[in-house]
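Open your viewer and get ready to click through a protein, stop by stop. At each stop, select what is named and look around it.

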Amino acid sequence: MAKPEFEFTPTDSVDFAPCNPHVEGLSEAILARDSDNDSVTRILKFEPGTDTSPNGVLTHDFWEEVFIFEGSFVDQRLGRTFKAGDWATRPPGMEHGPWVSENGAKMFEVRYYTDPTPAERSN
């Protein structure tokens with residue numbers, strides 16, 4: 001099953017819930033999810049003072065595309081500040097984070113899995 005079909009819908013109609021694993025001040029609003037492969041479209045929210053350091057550096061087995069549309073955070077590993085208007089595309093296995101957001105931030109994020117290429121399927 002693919003993600004459900006939605007016409008324009010106010011984002012405030014979707015509740016924020018704590019992320020898993022839990023980090024104080026970090027929550028998500030799931031806008032759409034494909035229940036077959038767990039591809040997700042969400043808004044990730046950092047409350048002021050959120051520190052994701054307890055989770056350490058992250059890697060995933062899925063693609064992740066993100067766009068910061070509000071606020072900023074500091075990447076603790078890179079020592080760089082990322083702010084509204086910045087974006088990233090992360091392939092599976094790419095290291096990222098942890099982050100600290102002094103004043104809060106919101107990101108639009110799409111996570112998805114890809115099928116193996118024909119060459120990968122034949123190995």
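**Stop 1: a salt bridge to start with.** Select aspartate 38 and arginine 33. These two form a salt bridge, and their closest N and O atoms are 2.5 Å apart. Keep in mind that you are looking at a predicted model. Side chains of opposite charge can pair when their charged atoms come close. Are the two partners here buried or exposed, or in between? Aspartate 38 has 41% relative accessibility, so it counts as partly exposed. Arginine 33 is partly exposed too, with a relative accessible area of 37%. The structure holds 7 salt bridges.

**Stop 2: a pair across two strands.** Now select glutamate 64 and arginine 90. They form a salt bridge as well, with the closest N and O atoms 2.8 Å apart. Glutamate 64 lies in strand β5, while arginine 90 lies in strand β7, residues 87-90, so this pair ties together parts that are 26 residues apart in sequence. Check the surroundings of each partner. Glutamate 64 counts as buried because its relative accessibility is 2%, under the 20% cut-off. Arginine 90 is buried too, at a relative accessible area of 10%.

**Stop 3: the network.** Which residues do salt bridges with shared partners join into one network? Select Glu28, Arg42, Glu64, Arg90, Glu109 and Arg111 together, and you have that network on screen.

**Stop 4: the end of a strand.** Go to aspartate 75. This residue is found in strand β5, which covers residues 63-75. Is aspartate 75 buried or exposed? It counts as buried, because its relative accessibility is 3% and the cut-off is 20%. Show its contacts next. Leaving out residues up to four places away in sequence, aspartate 75 touches Arg80, Phe82, Gly97, Pro98 and Trp99. Then try a distance. Pick the C-alpha atoms of aspartate 75 and histidine 60: they are separated by 17 Å, and the two residues are 15 apart along the chain.

**Stop 5: a buried serine.** Select serine 101. Its place is in strand β8, residues 99-101. Serine 101 is buried, with a relative accessible area of 0%. What does the side chain of serine 101 have 2.9 Å from one of its polar atoms? The backbone nitrogen of glycine 104 lies there. Now list the neighbours of serine 101. Not counting residues up to four places away in sequence, it touches Phe46, Glu47, Pro48, Gly49, Thr50, Ser72 and Phe73.

**Stop 6: the whole chain.** Zoom out and switch to a cartoon view. How many helices and strands are there in the protein chain? There are 1 helix and 9 strands. Trace them from the N terminus: the elements run β-β-β-β-β-β-β-β-β-α. The C-alpha trace spans about 45 × 35 × 25 Å along its principal axes. Of the 123 residues in the chain, 30% are buried. Take contacts between residues at least 6 apart in sequence: 65% of them join residues at least 24 apart.

**Stop 7: surface and charge.** Finish by colouring the charged side chains. The chain has 11 positive and 22 negative ones, and the centres of the two sets lie 4 Å apart.

Technical notes:
Residues numbered from 1 in each chain as written. Predicted model: local features only at pLDDT ≥ 70, side-chain atom pairs only at ≥ 80, totals over all residues. Heavy atoms only, no water. Helix = DSSP H or I, 4+ residues; strand = E, 2+ residues; numbered from the N terminus. Buried < 20%, exposed > 50% of the residue type's maximum accessible area, 1.4 Å probe, protein only. Polar contact = N/O pair within 3.5 Å; in protein donor to acceptor, adjacent residues only side chain to side chain. Contact = heavy atoms within 4.5 Å. Lys, Arg positive; Asp, Glu negative; His and termini not counted. Charge placed at Lys NZ, Arg CZ, Asp CG, Glu CD. Salt bridge = Lys/Arg side-chain N within 4 Å of Asp/Glu carboxyl O.
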